[in-house]
Amino acid sequence: LEFRRVLFRSKTVMDVGAWDGYYSFKAEQLGASRVLAVDHYCWSGHGWGTKRGFDYAKQSLNSNVESLDIDTPDICVDAVGKFDVVFMLGLLYHLPSIFTSFVNIAECAKKYLLVETIESQWIPQEIPLFEFFPNQELMNDPTNWFAPNPLAIRSMFELCGFNVEKEHHFVSDDEGKYTRGVYCGKRNYDILCL
């Protein structure tokens, strides 16, 4: 909890794929000076819901969290600006253009990038790989496109100029083939990035 307070206090935050805004509002409660929640898929009604839950929570909490309806492929510094902290929580595996989107969103992060995603543990772990699901093979969900292995995730962080400072993995299925991974990367200004 103390790490979270230090991380968010007086920081600007963007929550990509915010949906109902749980993490957006939590960042505000933990002292963020500005929070921008962005989504399109869920807020437009094409996904699992609408923006009603976010709007209800914002009003109920008397929150100053801002919102922007923008599709993930359109997110870049020119469109949204830069933030001290950027969230990509439960988003990566839903992106058809996973690498391009990761790079563009990572560029918006000045200090920290937090990613939570499904990971594949049964593909080779010695090289960075992505398992591809062209249909509904992963959890019977047609919006699940990729499951990277942990090395692929760490490699994307590094390529974009971040050191992974903390990571945590927990089992996502009964067979242990897929896990959920949480990564906290801190920008390394000594790394030449894209």
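Start with the aromatic cluster: ring pairs link Phe102, Phe157, Phe162 and Tyr183. Rings here are those of Phe, Tyr and Trp (its six-membered ring), paired if their centres lie within 6.5 Å; planes under 30 degrees apart are stacked, over 60 edge-to-face, the rest tilted.

A word on the source. This is a predicted model, where local features need pLDDT of at least 70 and side-chain atom pairs count only at 80 or more, while totals for chains, interfaces and linings use all residues. Residues are numbered from 1 along each chain as its sequence is written, and side-chain values use heavy atoms, without hydrogens and water.

The aromatic pairs number eleven. Take Trp43 and Phe54: they are tilted, 5.2 Å centre to centre, with 50 degrees between the planes. Trp43 sits in the loop between β2 and α3 (52-60), Phe54 in helix α3, so the pair ties together parts eleven residues apart in sequence. Helices (H or I, at least four residues) and strands (E, at least two) are DSSP runs, numbered from the N terminus.

Buried means under 20% relative accessible area, exposed over 50%, partly exposed in between (1.4 Å probe, protein chains only).

Last, Trp19. It lies in the loop between β1 (12-16) and α2 (22-29). Trp19 is partly exposed, with a relative accessible area of 34%.
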